[in-house]
Amino acid sequence: MEKQIRYYSTNRNLEGVEDIIPFKGYVSFQEALLRGQAPDEGLFMPDYIPRLSIDDVLALKNRPYPEIALLVAKLFLHDEISHETLEKVVHDSYNFDIPLETVIDGKYVMRLDQGPTASFKDFAARMMARLMSHFRGKGKRLNVLVATSGDTGSAVGEAFKGVEGIDVNILYPRAEVSGRQKKQLDTIGKNVRALSIDGKFDDCQDLVKQAFSDPSLEYLNFTSANSINFGRILPQIVYYIYAYAHLCGKGDEIVISVPSGNFGNALGCEYARRMGLPVKKLIMPTNENDEFPRYLKTGVYEKVSPSRACLSNAMNVGHPSNLARFFNLYGGTVDRLGKVHKYPDIDTMRKNVFSVSISDDVTKECIKQTYETYGVILEPHGAVGWRGLEIFLEKNGDFSPCVSLETAHPAKFPDEIIELLGITPELPDSMKDIDRREGEPAELPMAYGIFKEYLQDNLKIRD
Ligand SMILES: *Cc1c(COP(=O)(O)O)cnc(C)c1O
């Protein structure tokens, strides 16, 4: 049987930093999942990366996605969760398509945009929600609190919808979300409630933080469904293996391009490669937030602060939270604020990873070109990925097969698509009925006392 995997903190070697006591321990997956972050504010890392058998992978050619998810999840979780439970988790999580669209011979776009919120984040959030439901204490309800300025909240809410034993409260700033976003948040229903707050996004975040640190609310079993949770990284390993199984044969290598913001998605590919997937190059194009491509070029890391507002707005990140994990895998340490304590092995990183910054102008041009030349519609994030792949091939010579990820559905960016292509992209099936959905938020003022009372009156702690 495979080795037991335990999780350590990326900050474990961080000495002499004010207010941080490095966490030297190891925790189970269950604990890493329910805690989200290590006690020293570091990110949890598996202490051992299981190996994939390529024959097992190739045997999954043309098999449904949940089977591949099961294979990967079992390698990590075999000693903590039964085969039957995991099988149910992956089947519940992945009940939508993963189209691999041919752009030209040997070059593909993998569309990760068919989930309930038409974003690749559905893949990770749905599986994490079901794992949390399984790993919570018996009969104990968990309460997820999340503050959102728009898209993340609905991805988390939809992921937990109908999941046993967990309730979700999403706080959003009443005047700052778009009409479509408000509709998405208010109408999720079931165990997911929207709280419309008379305040700004930062106020919503403050309310959540205060509740988390309020000892008199500890009995409410809060959890954060945080984006840096290792439970959200694990599911993101799967689709790289899926792409390889479907597109490659024995002995093939593959080039993969991942449009990157907080680097969680690309990290999934880095793990897949370390598990043995023959990835020739991982391409991590960014938008104008170019801290990482600049680092690979110069060897000096400097975050972009404040981050730059670009078209691919989900990637407007000046210091990627998962950079700590990348650096750790290559022997370095960087903290939450972007200070490097030990530089990683940049030569090996350069061998495995290529990165380039794509401006908004080039992104727009790419959306036009790709449509005019190949008839393929990309939205801004996917265009950053595709253009990054093209630049890599221009510099290094042609290679096949290559896959570039489309991380959101073009219909989520109607204005850009209409402006650039003159067409209105159709909503994906999962979102077609959005304007007809019904639901009302709870409306609350920006006042911690009233918010707290609302939580005490409405949240449950037992099934
Ligand atoms: C979050 C997001 C990204 C960036 O993914 P990271 O894992 O943060 O690098 C890219 N595209 C879309 C549409 C996203 O929502």
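Q: Which residue of β14 is the bridge partner of Met110?
A: Leu405 in β14 is the partner of Met110. This is a predicted model: local features need pLDDT of at least 70, side-chain atom pairs count only at pLDDT 80 or more, and totals for chains, interfaces and linings use all residues. Residues are numbered from 1 along each chain as its sequence is written, and side-chain values use heavy atoms, leaving out hydrogens and water.

Q: What makes β4 and β14 a strand pair?
A: Two strands pair if DSSP finds at least two bridges between them. Strands are DSSP runs (E, at least two residues) and helices are runs of H or I (at least four), numbered from the N terminus. Five bridges join β4 (residues 107-111) to β14 (residues 402-406). The pair therefore qualifies. The two strands run parallel.

Q: How do you know which strands are the edges, β3 and β13 included?
A: The open sheet runs β3-β4-β14-β9-β10-β13, with mixed pairing. β3 (100-104) and β13 (353-354) each pair on one side only.

Q: Why is one side of β8 and of β15 left without a neighbour in the sheet?
A: Five strands form an open sheet in the order β8-β5-β6-β7-β15, with parallel pairing. β8 (222-223) and β15 (442-445) stand at its edges, each with a single partner strand, so one side of each has no neighbour there. Elsewhere in this sheet, β6 (residues 166-173) pairs with β7 (residues 192-198) over six bridges. Ile170 stands opposite Ala194 in β7.

Q: What makes the link between the side chains of Asn316 and Asn287 a polar contact?
A: The term needs a pair of N or O atoms within 3.5 Å; within protein, one must be able to donate a hydrogen and the other to accept it, and residues adjacent in sequence count only if both atoms are side-chain atoms. The Asn316-Asn287 contact is 3.0 Å, so it falls within the cut-off. Asn316 sits in the loop between α12 (291-298) and α13 (323-329). A polar atom of its side chain also lies 3.1 Å from the backbone nitrogen of Cys310.

Q: How do you know how many residues of domain 1 are in contact with domain 2?
A: Contact means heavy atoms within 4.5 Å. By that rule, 12 residues of domain 1 touch eight of domain 2. Domain 1 is 97-114 + 237-421 and domain 2 is 119-230 + 433-463; such bounds come from an automatic or database assignment.

Q: What is the area buried between domain 1 and domain 2?
A: About 960 Å², with 60% from carbon and sulfur atoms. Buried area is the accessible area (1.4 Å probe) that two parts lose on being put together, summed over both.
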